[in-house]
Amino acid sequence: MNDPKINDAGLAGQVAIVTGGSRGIGRAIVEILAAAGMEVIFTYRDNAAAAGKVIAANPGKKISAEKVDARDSAACSAFAEKIVERAGRIDLLVNNAGVIRDNLLAMLEDDDIKTVLDTNVTGTFNMTRAVAPYMISKRRGKIINVSSVSGEKGGRGQTNYAASKGAINAFTKSLAVELAPRGITVNAVAPGVIETEMSKTVRELAGDQIQSRILLKRIGQPEDIANAVWFLSSKFADYITGEILHVDGGFKME
């Protein structure tokens, strides 16, 4: 990460929180922000081993991990307070934590619906409510929500997940209006099909059919999403708010 653009992004010395940062897209986001000179604190829910691997793989970087369940509003508030007490500020929040429980609507169990909505939607509300007051007090900050192509383009067996990401898109636009007077920008990145553990089942079931519907004819990589998050975090995106940035290779555009 010796690209001079990264070093000139205005991020050095700032403090970022990334939820769900131990694997896949979240890990890529943590690593690119740390490479840009940020102190990055990421959350994980269960997998302490995976979280430890991220830290071990980035010696010399200001990366730390905290076990936080975003579904627990009190835990989110305590976490945000702890970070401010320790670092004195929160400049960036990336709401990345999310889960998927795909199935046809009639086959979905109550828990399939509850878990997805609680994690993807309520978790984003909880962490943002916990962090926003600290940004408001400084009259500056950036919030980036990780959405999905599913939030706008329907997919079979994804009613619960699509509903959760559609909610994130609406949340992003409304919060951008609410926080703009306070100097805070709010945007979202909507990934398409990305090569992660979470999307493995979908990719294996659909096979070449998915790739044929991507204009760029390749599955995305976590770094593709991390690059977009880096851009929206940087000074180069200071005049962008309320936007949903699609990073999907032209998925389902044919």
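I started with asparagine 145, which is buried at a relative accessible area of 1%. Buried means under 20% relative accessible area, exposed over 50%, and partly exposed in between, with a 1.4 Å probe and protein chains only. The model is predicted: local features need pLDDT of at least 70, side-chain atom pairs count only at pLDDT 80 or more, and totals for chains, interfaces and linings use all residues. Residues are numbered from 1 along each chain as its sequence is written, and side-chain values use heavy atoms, with hydrogens and water left out.

**Around asparagine 145**

I placed asparagine 145 in strand E5. Helices (H or I, at least four residues) and strands (E, at least two) are DSSP runs, numbered from the N terminus. Which side chain makes a polar contact with the side chain of asparagine 145? I found asparagine 95, at 2.9 Å. A polar contact is a pair of N or O atoms within 3.5 Å; within protein, one must be able to donate a hydrogen and the other to accept it, and residues adjacent in sequence count only if both atoms are side-chain atoms. I then listed what asparagine 145 touches, leaving out residues up to four places away in sequence; among them are Asn95, Thr124, Phe171 and Asn187. Contact here means heavy atoms within 4.5 Å.

**Strand E4**

I checked the neighbours of E4 next. Strand E1 (residues 15-18) pairs with E4 (residues 92-95) in the parallel sense over 3 bridges. Two strands pair if DSSP finds at least two bridges between them. Isoleucine 17 stands opposite leucine 93, and valine 18 has valine 94 as its bridge partner. E4 and E5 run parallel, joined by 4 bridges. In E5, isoleucine 144 is the bridge partner of valine 94. The chain goes from E4 through H5 to E5, a right-handed β-α-β crossover. Right-handed means that, with the strands pointing away from the viewer, the path from the first strand over the helix to the second runs clockwise.

**The whole sheet**

I read the order as E3-E2-E1-E4-E5-E6-E7, an open sheet of 7 strands with parallel pairing. Which strands stand at the edges? They are E3 (63-67) and E7 (244-247); each has a single partner strand, so one side of each is left without a neighbour in the sheet. The twist averages 20° from one strand to the next. Axes are lines fitted to C-alpha atoms, for helices over the stretch in contact, and angles run from 0 to 180 degrees between N-to-C directions.

Helix H5 (residues 110-138) lies across E1, E2, E4, E5 and E6, at about 170° to E4. Helix H3 (residues 48-56) lies across E2 and E3, at about 165° to E2.

**Aromatic pairs**

I counted 2 aromatic pairs. Rings of Phe, Tyr and Trp (its six-membered ring) pair if their centres lie within 6.5 Å; planes under 30 degrees apart count as stacked, over 60 as edge-to-face and the rest as tilted.

Phenylalanine 125 and phenylalanine 171 have ring centres 4.6 Å apart and planes at 50°, so the pair is tilted. Phenylalanine 125 lies in H5 and phenylalanine 171 in H6 (residues 159-179), so the pair ties together parts 46 residues apart in sequence. Phenylalanine 125 is partly exposed at 37% relative accessibility, while phenylalanine 171 is buried at 11%.

Tryptophan 230 and phenylalanine 236 have ring centres 6.2 Å apart and planes at 55°, so this pair is tilted. Tryptophan 230 is buried at 12%; phenylalanine 236 is partly exposed at 41%.
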